[in-house]
Amino acid sequence: MKLDNKIALVTGASRGIGKAIAKILCENGAFVYLAARDAEKLSVTAKEINPSGTKTKVIPTNITSNTSVGELFSKIKAEEKSLDIVVNAAGIAPAVAAEDLTYQDWKNVLNTNLNSVFSICQSALEGMKAKGGGKIINIASILGSMASPGLTAYCTSKSGVIMLSKQLAVEWAHYNVNVNAIAPGYISTDMTKSLRNDNTLNQKLLARAPLCRWGKPEDVAKVALFLASDDSDYVTGAVIPVDGGMSASLM
Ligand code: NAI
């Protein structure tokens, strides 16, 4: 299989896009560490993805805590494993008007969506260097390059993820570490449930997507598989939209 003998870490793996990516990596032969905050939810997901439990391991992690991220990498190291593939999929998207956004809320979004990506990429580098290379896939958003009312902190964080991915791609190319970002459009997950439940907004969003449907987590996962595999060996610093054509179209 494409990812036989590869070791992967997926953050935000308990549900949504992270879960779909963890599943596809596992189905293609990788051993996958599943990280998110809730141990119980992660265990349920792990059972679903790999009932035998031989291809997954759950490591409850709060990615906003340096201590927790440190423990995550210590646990992986203690198992004498180092990562070939890292997928940063955890994220939050609270909607608050910029003028009402508290500094604490701003920091919380930036810490979760951007600062954690930096610290996880940096923590993974040592092992990838020792292995002679690796693949890092950061889940950004089309809202990293387009503004959206009420999502100032989110859009800013995702814009940062896009530039961070390009920057690391340039700096780490000589280690054979490929760093790419995926920019999903509107994907049907818990994060976007309230948008789908609002009929007017839902119709508006569908009208904006040339492919005229919500994306599925699996749509994103298939692109992540490409970026995790040897098929993308000459791809680095790229930002791949998975948005049904939304970012290509003004109306
Ligand atoms: P989701 O809300 O369904 O899942 C988010 C995951 O992140 C959960 O597993 C949650 O436990 C984890 N997480 C959140 N904060 C965490 C923390 N502090 N520590 C550890 N884990 C934490 O969201 P969804 O839709 O699956 O999104 C995944 C990624 O894709 C996010 O980065 C999101 O910004 C991005 N994205 C999603 C889009 C969508 O339409 N659903 C569109 C564009 C980007």
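Author: The model is a predicted one. Its largest pocket has a volume of about 1,400 Å³. Of the 50 residues lining that pocket, Ile92, Ala93, Tyr154, Met191 and Thr192 are the closest to its centre.

Reader: What makes a residue such as Ile92 part of the lining?

Author: A lining residue has an atom within 4 Å of a grid point of the pocket. Ile92 is among the 50 residues that line the largest pocket, so Ile92 has such an atom.

Reader: Which helices supply at least two residues each to this lining, and which gives the most?

Author: They are α1 (16-27), α4 (103-131), α5 (152-172), α6 (193-197) and α7 (199-208). The most comes from α7, with 4 residues. By class, the lining comprises 26 nonpolar, 16 polar and 8 charged residues.

Reader: Why is the ligand said to sit in the largest pocket?

Author: The criterion is that more than half of a molecule's atoms lie within 2 Å of the grid points of the pocket. The ligand sits in the largest pocket; therefore more than half of the ligand's atoms meet that limit.

Reader: What surrounds the ligand?

Author: There are 29 residues around the ligand, and the closest are Ser14, Arg15, Tyr154, Ile187 and Thr189. This shell divides into 13 nonpolar, 12 polar and 4 charged residues. Both α1 and α5 supply at least two residues each to the shell.

Methods: Residues numbered from 1 in each chain as written. Predicted model: local features only at pLDDT ≥ 70, side-chain atom pairs only at ≥ 80, totals over all residues. Heavy atoms only, no water. 1 Å grid on protein atoms, 1.4 Å probe; cavity = no way out; pocket = protein on both sides within 12 Å on 5 of 7 lines; lining within 4 Å. Points joined across faces, edges and corners; volume = space filled by probe spheres on them. Nonpolar A, V, L, I, M, F, W, Y, C, P; charged D, E, K, R; others polar. Near = heavy atom within 4 Å.
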